[in-house]
There are 2 protein chains.
Amino acid sequence: MNRLTREVLDFPCMEKDTPQYDNIRGHYLFSGLEEEVFDGLAKDIAVESFEKGEILFHRGDVASDFYYVETGQIELSLISPDGQKKIVEVIAHGRTFAEAIVFMRESKFPVTAEAISNSVVFRIPNAAYRNLLQDNTNACMRLLNDVCRHLHQRVQEIERLTVQNARSRLASYLIDHIVETNDDEATVRLDLPKHIIASRLSVTPETLSRLLRAMTDDGILTVDDRLIFVHSLARLRPYD
Amino acid sequence: MNRLTREVLDFPCMEKDTPQYDNIRGHYLFSGLEEEVFDGLAKDIAVESFEKGEILFHRGDVASDFYYVETGQIELSLISPDGQKKIVEVIAHGRTFAEAIVFMRESKFPVTAEAISNSVVFRIPNAAYRNLLQDNTNACMRLLNDVCRHLHQRVQEIERLTVQNARSRLASYLIDHIVETNDDEATVRLDLPKHIIASRLSVTPETLSRLLRAMTDDGILTVDDRLIFVHSLARLRPYD
DNA sequence: AGCAGCGATTGACACAGGTCAATGCGCGGG
DNA sequence: CCCGCGCATTGACCTGTGTCAATCGCTGCT
């Protein structure tokens, strides 16, 4: 455990005028709030650290808080009765998650959250945030916009899972993760371990490996560890 | 086109003190509104009829309104480039749809809407509803709750598509549509044509047919046209 | 240096579910 | 009454993707 983590564990509540404070303050779910309103909320925000592999919460747990990721990466997953896991999303620095159940009656987490690298998160009590929205339509609208965007993403995910095959889903993923593009070529950086990417795409690691192999053999791309060079977007796109 | 349809086409705006007015007034997205506020909104609500097979809007169309279904059934679907269709949901009497994009920046419909039986719908302008939420946190909260529930449903759908197989999905569907249950037995009424159910479950009609056959052969259930008698919920559930 | 362990790759094989095609069946229209 | 059409069923076959198992190569620890 490094020095920073040690510190936050010793001071589990948000402090004003720290870099952390400014970070979350800049998030669009909070940036619209009056300074003193946010300060009031900050008192209730807990800072927590998780080591790689630790579980933040399980699917079905009662949801009384939502989270902001300060450092690290958190995976949100579904687990079937027979132990199969499907990673729905991976949340990295500067993003919130589970904010969508702030307003649910049935306030159970629909997914399990696990740290896939050492992480620091801020835990925001639903009730506190909800109270503060009571007389702030502006913040309400922001949250609505946020949740609707999530919903749209989930619909797109359903589309990928149903009307697209594994190859198409991989193509979409690659195109979404282009770091640099140049005419018909592009560079993609894989920011996650391959087995996690595989699960996000709802395929096995073996299948992902074979797909990349097939695309390499077809001359569409070249794989160099975590870097992928796409030689022909035109030939990749038809599967998008 | 029957007489009722004729009439609503002739009077395309909502009239107070009609059964239609009371119906939509009772919907939870509107029931919380002050009477005069709702009356103001009602002026902007258009009444429209669609014959079976008609399209209300295509995926990608600019979304300036959302809908309430007065009579009939509307299917929401995704269509892949190569023409494959996946029905995401079927909306029947008394429910709204597309209300989730009221607050989206990118206000394009993420799905295509088609009437699968002759239908009457009310079209509510997003802008009008949005204005009215400006100073009504209560209504805001209701919408938030609504959208969050949708989101949760979509997550569950993703779960079904990934960690469950076709047989499990069918079992879930049957259990969700039980009309009467008695100890270990149950009666299920299929409210939709089989090919629509198949698409909702993301299988082909052939597969659905075979699954029902297999379950019949296993003595788990009996199919009598649109009525299904489940003889052993205990043997159906393991796939749930 | 050597070993343990995890992630990635590859091959052989299995199987769920899709595709294609033929047949049956019920219903509405001429 | 019969014809045609859309929905459902059934069979034969195919294929994408999962499963199982072996191997390889890192990385980090002792």
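Residues are numbered from 1 along each chain as its sequence is written, while chains are lettered from A and ligands numbered from 1 in the order in which they are written. Because the model is predicted, local features need pLDDT of at least 70 and side-chain atom pairs count only at pLDDT 80 or more, whereas totals for chains, interfaces and linings use all residues.

## Chain A as a whole

Chain A has nine helices and 12 strands. Helices (H or I, at least four residues) and strands (E, at least two) are DSSP runs, numbered from the N terminus. The C-alpha trace of chain A spans about 60 × 40 × 40 Å along its principal axes. Of the 240 residues in chain A, 36% are buried. A residue is buried if 20 or more other C-beta atoms lie within 10 Å of its own, exposed if 12 or fewer, and partly exposed in between, with C-beta atoms placed from the backbone. Among the contacts in chain A with a separation of 6 or more, 71% are between residues 24 or more positions apart. Two residues are in contact if their C-beta atoms, placed from the backbone, lie within 7 Å.

## Strands and sheets

Strands of a sheet pair through backbone hydrogen bonds, either parallel or antiparallel. Here two strands pair if DSSP finds at least two bridges between them.

In chain A, four strands form an open antiparallel sheet in the order β2-β7-β4-β5. Its edge strands are β2 (55-57) and β5 (85-92), each of which pairs on one side only. Neighbouring strands of this sheet are turned by 30° against each other on average, direction ignored. Axes are lines fitted to C-alpha atoms, for helices over the stretch in contact, and angles run from 0 to 180 degrees between N-to-C directions. Helix α5(B) packs on the sheet and touches β4 (73-79) and β5 of chain A; the direction of α5(B) makes about 135° with that of β5(A).

Chain B also has an open antiparallel sheet of four strands, in the order β2-β7-β4-β5. Its edges are β2 (55-57) and β5 of chain B, each with a single partner strand, so one side of each is left without a neighbour in the sheet. Helix α5 (residues 137-163) of chain A packs on this sheet, touching β4 and β5 of chain B, and its direction makes about 130° with that of β5(B).

| Strand pair | Bridges | Residues opposite each other |
|---|---|---|
| β1 (46-50) and β8 of chain A | five bridges | A:Ala46 and A:Arg123 |
| β3 (65-71) and β8 of chain A | six bridges | A:Tyr68 and A:Phe122 |
| β9 and β10 (185-189) of chain B | four bridges | B:Thr181 and B:Ala186 |

Five of the seven residues of β8(A) (residues 119-125) are buried, so this strand is largely enclosed by the rest of the structure. For β9(B) (residues 178-182), the number buried among its five residues is zero, so it lies largely in the open. The hairpin of β9(B) and β10(B) has two residues between the strands, and B:Asp183 takes a positive phi near 55° there.

In the contact between the chains, 36 residues of chain B touch 35 residues of chain A. On the chain B side, β5 (85-92) and α5 (137-163) are the elements that give two or more residues. The largest share, 20 residues, comes from α5(B). By class, this side has 19 nonpolar, 10 polar and seven charged residues. Ala, Val, Leu, Ile, Met, Phe, Trp, Tyr, Cys and Pro count as nonpolar, Asp, Glu, Lys and Arg as charged, and the others, Gly among them, as polar.

Within chain A, the axes of α6 (residues 166-176) and α8 come within 11 Å and cross at roughly 75°. The two helices are therefore roughly perpendicular to each other (65 to 115 degrees; under 35 counts as roughly parallel, over 145 as roughly antiparallel and the rest as oblique). A:Ala166, A:Arg167 and A:Leu170 in α6(A) meet A:Thr207, A:Leu208 and A:Leu211 in α8(A).

## The surface near DNA strand C

A residue is near a strand if its C-beta atom, placed from the backbone, lies within 6 Å of it. Of the 15 residues around DNA strand C, A:Lys194, A:Ser209, B:Asn165, B:Ala166 and B:Thr207 come nearest. Helices α7 (194-200) and α8 (205-217) of chain A, with α6 (166-176) and α8 (205-217) of chain B, each supply at least two residues of this surface. The largest share, five residues, comes from α8(A). The surface has four nonpolar, five polar and six charged residues.
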